[in-house]
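Hello,

Here is the structure I promised to pass on to you. Please have a look at it first, and then read my notes below.

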Amino acid sequence: MTTESNIRVRFAPSPTGNLHIGGARTAIYNWAFAKQHNGKFILRIEDTDPERSTLENTTQIIRSLRWLGLNWDEGPEVGGDFGPYQQTQRSETYKELLKQMMESDHVYPCFCSPKELNAKREIACAAKQNYGYDRCCRLISTDEAQARIAAGEPHTWRLKIPLNRGDITFDDAVYGSITVPISELDDFIMVRSDGTPTYNFVVCADDYLMQISHVIRGDDHLSNTPKQILVYEALGATVPVFAHLSMILGSDGKRLSKRHGATSVEAYRDAGYLSDALVNYLSLLGWAPDGETTIFSREQLKTAFDLERVSKNPAVFDANKLNWINRDYMKEMSAEAFLDALAPWLTESELLHNLPLAPKSTDDIYAKRSWYLQLQPLIVERIQTFADAAPMIAYLFSGPEVTLDKNSVEKCLRVADANKFLQIAIETLASINDSKLAWTHENIEAALRSIPEHLAVKPKLVFQAIRVAICGNMVSPPLFESIALIGRDFTLARLEVAKEYTLLA
RNA sequence: GGCCCGUUCGUCUAGCGGUUUAGGACACCGCCCUCUCAAGGCGGAGAUCACGGGUUCGAAUCCCGUACGGGCUGCCA
């Protein structure tokens with residue numbers, strides 16, 4: 001029986017873009033932390049920016065999280081007692097909280113126009129002065145403010161920062177104690193002139209109302225935290241524990257962006273990565289269970305994860321290591337699981353599409369399942385993602401003829417004795433059938449190995465010629481297994497074709 | 001400009017005052033294995049712990065500066 005705890009964390013993406021790997025790591029840490037403590041992992045969509053938020057992004061984010069296996073206990077699609085979990089659907093709640101703060105004198109209306117504010121900011125900036133709202137509207141009397149509001153004058157609502165409060169200190173689970181002088185904070189806007197709430201307001205309101213115990217998020221919010229603490233205080237709420245995560249950088253040490261190639265989670269899915277491997281790799285970016293362990297399951301992550309071990313400095317994303325981890329996961333998969341994951345990469349491959357024997361549907365694969373199950377050991381050590389599979393094994397599906405690589409022909413077929421090797425190979429392989437031996441890679445290997453032995457030549461010489469004839473290239477997966485999979489008739493046919501390319505004997 | 005934060009091999013990191021000639025992993029190089037390519041095994045190179053001062057018998061580890069990098073400084077989130 002699992003003990004319920006009061007640990008409640010949330011992942012709160014704003015749908016202004018797709019789920020990128022930085023966000024994914026934040027989600028992973030939140031998820032691991034919640035699961036470790038038998039707490040709740042909540043998904044909340046922060047779509048308060050109407051300009052940039054889209055439904056497409058929301059669905060993409062949800063799809064990505066599902067693919068990563070980070071299922072949430074409360075949020076879109078699953079509901080929960082603290083919904084709705086989409087901020088645009090919570091405006092009534094924010095209005096009530098604003099009213100509450102008006103009554104408790106924690107906010108005041110500001111009639112300054114954006115134009116005026118910008119002008120002041122520019123003057124301050126030009127004078128190299130520290131800019132902060134000058135609080136001019138804070139001095140307006142309540143009566144006057146009421147009258148101006150009643151008259152329909154546009155206004156925002158600002159937080160009335162307690163001037164006598166003293167410095168703000170909080171204990172970040174990752175960064176430790178952080179103190180900011182209250183003089184650094186200005187009376188920031190909580191509600192825009194159109195009545196919609198701003199981020200710094202809603203994020204606190206929701207974390208408060210949803211009883212979030214730990215706020216684990218990107219460190220771009222570290223500087224906003226003191227402001228938010230003031231909002232919690234204005235709301236009369238308990239301040240949650242904060243844990244800020246450093247960002248993930250591109251190989252040039254700059255913030256990850258489009259020019260670094262794939263940044264979205266779905267780009268990795270589409271590039272043929274396993275979600276388990278991605279989760280494992282991303283977990284390692286900024287956190288390590290110890291100095292040794294690299295590969296760990298989600299279960300182990302749940303057990304070992306520790307906010308205090310999260311690194312404070314930004315991590316550079318390294319595709320090499322992801323590739324290595326991905327291959328490790330592919331190697332560890334059962335043949336069945338590997339085939340199931342591989343199947344769509346074969347049936348949907350454009351490269352394979354025109355080959356006579358390529359699978360067109362999962363039914364095709366199912367019909368020859370035992371044949372397909374033999375692919376994993378053949379290719380798994382040679383591919384980094386499933387996307388690499390089709391080009392690696394296209395030669396298996398081309399029937400009696402295979403496209404011969406020009407360079408390979410030059411190097412391995414247009415050489416002395418190649419014609420002889422192929423001819424003997426044909427006779428030798430044919431004899432497997434004659435002697436009623438099964439067409440297995442063991443029998444094929446035994447038969448073919450006798451060739452260089454009898455001719456007293458280097459095995460490589462013979463096998464490379466045969467390899468080019470069968471696989472079309474001097475680099476390929478193992479030869480004998482390939483011959484076994486291609487079958488006797490097509491193998492012999494390919495050897496005959498290849499003879500045409502050898503020097504005349 | 002102001003405030004906040006960070007800085008250990010190319011990269012991710014271990015390290016929380018002595019056990020460290022700074023450990024592991026990826027990448028790199030070499031050897032072995034070998035039907036090619038991989039994979040695997042073994043080995044190698046690679047970090048004056050950003051720099052400069054302290055504190056201490058002793059510092060990568062604690063403190064203070066400096067440099068560099070990042071974040072915030074919006075009626076964005």
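A residue counts as buried under 20% relative accessible area, as exposed over 50%, and as partly exposed in between. Keep in mind as you read that this is a predicted model.

With those cut-offs, Q211 is partly exposed, because its relative accessible area is 49%. Q211 sits in the loop that joins α6 (199–209) to β8 (214–218).

With a relative accessible area of 67%, A456 is exposed.

Now to the RNA. There are 65 residues around RNA strand B, and R192, E381, R382, R449 and R467 come nearest.

- the side chain of R121 has an N or O atom 3.3 Å from a phosphate oxygen;
- a polar backbone atom of S193 is 2.9 Å from a base oxygen;
- a polar backbone atom of S476 is 2.5 Å from a base nitrogen.

Elements giving two or more residues to the surface near the strand include α4 (114–126), β6 (176–180) and α22 (479–486). The largest share, 5 residues, comes from α11. By type, the residues of this surface are 25 charged, 22 nonpolar and 18 polar.

Happy exploring, and best wishes

Conventions:
Residues are numbered from 1 along each chain as its sequence is written. Chains are lettered from A and ligands numbered from 1 in the order in which they are written. This is a predicted model: local features need pLDDT of at least 70, side-chain atom pairs count only at pLDDT 80 or more; totals for chains, interfaces and linings use all residues. Side-chain values use heavy atoms; hydrogens and water are left out. Helices (H or I, at least four residues) and strands (E, at least two) are DSSP runs, numbered from the N terminus. Buried means under 20% relative accessible area, exposed over 50%, partly exposed in between (1.4 Å probe, protein chains only). A residue is near a molecule or strand if one of its heavy atoms lies within 4 Å of it. A polar contact is a pair of N or O atoms within 3.5 Å; within protein, one must be able to donate a hydrogen and the other to accept it, and residues adjacent in sequence count only if both atoms are side-chain atoms. Ala, Val, Leu, Ile, Met, Phe, Trp, Tyr, Cys and Pro count as nonpolar, Asp, Glu, Lys and Arg as charged, and the others, Gly among them, as polar.
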